[in-house]
Amino acid sequence: MKNSLSVATLVAVLAAVPFAANTAHAQPRPSGSQVAIVDLTYIFANHIRFKALVEDMRKDVEAAESDLKTAKEAIEKLAERADDYNKSSPEFKDLEEDLAKRQADLQVQVNIQKRNFMEQEAKIYLSIYREVLDHVKNHAEKYGISLVLRFNGDPVDGDDLQGVMRELNRQVVYYHRAIDITPIVLEACNAAAGAARAPTRQSPPPAASNPGLRQGVLPRTSR
C-alpha cells in the first residue's frame, strides 16, 4: 500500500507555493493557427482538490496499515505460544494450523487492500486529468488555439541520469513563455472546485501577438 500511495504523494509534495494567474482582462479571439503548452506535472502538484483527495487516501492507507499491524501482532503473540506445546502434541498441530490460516487470511487482506488503493489512486488521477483536459479544451476553443503540447518545466538534476535522459528526449525543446497556459488552466481547476484563491504572483501582461495566452511565472529556473 505504501508503494501505491507513494506515487500520488510524490506528485502532491512536488508543489512549490501555489499561485493564480491574473486572467481578468477580456481578450479578443486571435486569428490564425495557435500553439500552446501546459505543464501537467505542475498542475497536479498545485491542484487543490487533487491534493485533498490524495490526503484523504493517505489517511485511509494509514488506518488500513494500523489494522493490519494489529492483526500481525496478534499472530505473533499466538506464535509465541508454540513453545508451550510439544511439537508432536495435537495442541501444537492445532495451533500450527490456526497460525497458517491467520497468516494466509492476512496476506489475502493485504493483497485486496493494495489492489483497492491502487484502483482508487488510478481513479483520482484519471478524474483530475479529465478535468484538466476540459479546461485546456475550453481555453483552446475560446482563443482559437489549434494545438496544445504537454511539457515539463522542472529543472534538470545533472546528477540524475534518468532525469537527464528525459530532458534529452523531451518533445518541447524551446518555448516562448507567452504560450505557457499552465497558470490559466490551474486557476480554472481550482476555481471550479470553489477553492480559495492563492496569492497572485506578479505576472507580465499578455503578449500582443497571442491575446489568448498569458506568461506563467513559474517557480522554476529561467529558460
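This note goes through the charged side chains of the structure, point by point.

1. The model is predicted, so that local features need pLDDT of at least 70 and side-chain atom pairs count only at pLDDT 80 or more, while totals for chains, interfaces and linings use all residues. Residues are numbered from 1 along each chain as its sequence is written, and side-chain values use heavy atoms, with hydrogens and water left out.

2. The structure holds 6 salt bridges, each being a side-chain nitrogen of Lys or Arg within 4 Å of a carboxyl oxygen of Asp or Glu. One of them joins Glu62 to Arg58 at 2.4 Å, N to O, and these two residues lie 4 residues apart in helix H3, about one turn of the helix. Glu55, Arg58 and Glu62 are linked in a network of salt bridges.

3. In helix H4, Arg102 and Asp98 are likewise 4 residues apart, and their side chains meet in a salt bridge of 3.4 Å, N to O. Arg102 counts as partly exposed because its relative accessibility is 37%, where buried means under 20% relative accessible area, exposed over 50% and partly exposed in between (1.4 Å probe, protein chains only).

4. Arg170 forms a salt bridge with Glu167, with the closest N and O atoms 3.5 Å apart; Glu167 is partly exposed, at a relative accessible area of 27%.

5. Glu73, Glu76, Glu80, Asp83 and Asp84 form a negative surface patch, a patch being made of residues with over 30% relative accessible area and no salt bridge, with like charges joined within 9 Å and nonpolar side chains (Val, Leu, Ile, Met, Phe, Trp, Tyr) within 5 Å. Asp84 sits in the loop between helix H3 (48–80) and helix H4 (90–142), and Asp84 counts as exposed because its relative accessibility is 62%.

How values were computed. Areas by Shrake-Rupley, 256 points an atom, 1.4 Å probe, with all protein chains shown as cover. Lys, Arg positive; Asp, Glu negative; His and termini not counted. Charge placed at Lys NZ, Arg CZ, Asp CG, Glu CD.
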